[in-house]
Amino acid sequence: MEYSHEVKRMCVVGNNAKHGAAPIPEEGKWVQAKEVTDISGLTHGIGWCAPQQGACKLTLNVKDGIIEECLIETIGCSGMTHSASMASEILPGKTILEALNTDLVCDAINTAMRELFLQIVYGRSQTAFSEGGLPIGAGLEDLGKGLRSQVGTTYGTLEKGPRYLDIAEGYIKELALNENDEIIGYSFVHLGKMMENIKKGDTPADALEKASGQYGQFDDAVKYIDPRNE
């Protein structure tokens with residue numbers, strides 16, 4: 001190691017501040033993290049691309065510094081889904097430091113990885129105070145039945161009002177309106193459940209019926225509209 005002339009001329013002064021790293025909470029323990037392998041936790045984060053055309057929600061389950069599980073959910077540009085497919089192959093098995101410095105194909109996924117890294121290494125993970133953390137597979141359970149992301153798509157204009165298109169319950173088939181043309185309910189089909197029914201052998205028509213439902217005062221409506229065509 002090379003020292004400048006000025007440093008070489010300095011006398012030695014003792015340093016007493018050697019108390020180590022401040023402990024951070026990790027899976028129910030207080031840990032003085034000194035190495036990447038000291039880091040564990042499950043957490044979520046959001047990233048966005050530079051033109052802000054899309055976003056990524058990234059979930060990582062880290063054990064002893066290694067990413068054991070990842071869930072990548074994207075919304076926005078069409079290319080992000082393909083990028084997410086590649087990132088799901090890239091992330092597992094890497095340390096969080098490796099993942100931070102790996103091209104995860106999409107800018108939004110890279111940004112999400114940065115945000116998660118900050119949460120995890122500062123002890124701000126979702127499992128900071130959960131003894132033992134969460135098992136591998138906990139990220140997948142976030143999706144619920146049908147294993148589909150909770151995506152909401154709604155639209156509205158001043159002239160024509162709101163249109164619910166796709167929300168937590170599923171794909172919206174009809175909107176129910178009262179006498180003032182206000183939305184009081186809707187009918188929907190849960191596409192994840194519908195596809196599961198088809199895989200089990202149901203006809204598409206039967207699968208559609210079993211996966212359909214309604215919400216609110218749907219039966220009391222004065223009229224019904226198709227949110228995509230009216």
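Q: How many residues lie between E4 and E5 in their hairpin, and which residue in the turn has a positive phi?
A: Start with the strands on either side. In this predicted model, strand E4 covers residues 55–63 and strand E5 covers residues 66–75. They form a hairpin with two residues between them. Aspartate 64, in the turn, has a positive phi of about 50 degrees.

Q: In what sense do E4 and E5 pair, and over how many bridges?
A: Two strands count as paired when there are at least two bridges between them. E4 and E5 pair in the antiparallel sense over nine bridges. One partner pair to look up is asparagine 61 with glutamate 69, the latter in E5.

Q: Which hairpins involve E7?
A: Take each side in turn. E6 and E7 form a hairpin with three residues between them. A second hairpin joins E7 to E8 through two residues.

Q: How many bridges does E7 make with E6, and how many with E8?
A: Strand E6 (residues 153–157) pairs with E7 over five bridges, in the antiparallel sense. Here, tyrosine 155 has arginine 163 of E7 as its bridge partner. E7 and strand E8 (residues 170–177) also pair in the antiparallel sense, over two bridges. There, aspartate 166 stands opposite tyrosine 171 in E8.

Q: What sits over the ring of tyrosine 171?
A: For this feature, look at a charged group and a ring centre. The charged end of arginine 228 sits over the ring of tyrosine 171, 3.8 Å from the ring centre.

Q: How many aromatic pairs does a search of the whole structure find?
A: It finds five. One of them is tyrosine 164 with tyrosine 186. Their centres are 6.0 Å apart, with 80 degrees between the planes. The pair is edge-to-face, because planes over 60 degrees apart count as such.

Q: Where in the chain are tyrosine 164 and tyrosine 186?
A: Tyrosine 164 is in strand E7 (residues 161–167). Tyrosine 186 is in strand E9 (residues 183–189). They are 22 residues apart, and the pair links distant parts of the chain.

Q: Are tyrosine 164 and tyrosine 186 buried, partly exposed or exposed?
A: Read the relative accessible area of each. Tyrosine 186 has 7%, so it is buried. Tyrosine 164 has 28%, so it is partly exposed.

Q: Why is the pair of phenylalanine 218 and tyrosine 224 called tilted?
A: Check the angle between the planes. It is 45 degrees, so the pair is tilted. The ring centres are 4.8 Å apart. Phenylalanine 218 counts as buried at 8% relative accessibility, while tyrosine 224 is partly exposed with 32%.

Q: Which residues form one aromatic cluster?
A: Tyr164, Tyr186, Phe188 and Tyr215 do.

Q: Which residues form a nonpolar patch on the surface?
A: Met1, Tyr3, Val7 and Met10 form it. Together they have about 520 Å² of accessible area. Methionine 10 lies in the loop between helix H1 (5–8) and strand E1 (24–26).

Q: Why does methionine 10 count as exposed?
A: Its relative accessibility is 57%. Exposed means over 50%, so methionine 10 qualifies.

Q: Where is glutamate 230, and is it buried or exposed?
A: Glutamate 230 is in the segment after strand E11 (223–225). At 53% relative accessibility, it counts as exposed.

Q: What separates the C-alpha atoms of glutamate 230 and lysine 160?
A: Compare sequence with space. The two residues are 70 residues apart along the chain. Their C-alpha atoms are separated by 9.5 Å.

How values were computed. Residues numbered from 1 in each chain as written. Predicted model: local features only at pLDDT ≥ 70, side-chain atom pairs only at ≥ 80, totals over all residues. Heavy atoms only, no water. Patch = residues over 30% accessible without salt bridge, like charges linked within 9 Å, V, L, I, M, F, W, Y side chains within 5 Å. Areas by Shrake-Rupley, 256 points an atom, 1.4 Å probe, with all protein chains shown as cover. Salt bridge = Lys/Arg side-chain N within 4 Å of Asp/Glu carboxyl O. Helix = DSSP H or I, 4+ residues; strand = E, 2+ residues; numbered from the N terminus. Buried < 20%, exposed > 50% of the residue type's maximum accessible area, 1.4 Å probe, protein only. Phe/Tyr/Trp six-rings, centres within 6.5 Å; stacked < 30°, edge-to-face > 60°. Lys NZ or Arg CZ within 6 Å of the ring centre and 35° of its normal.
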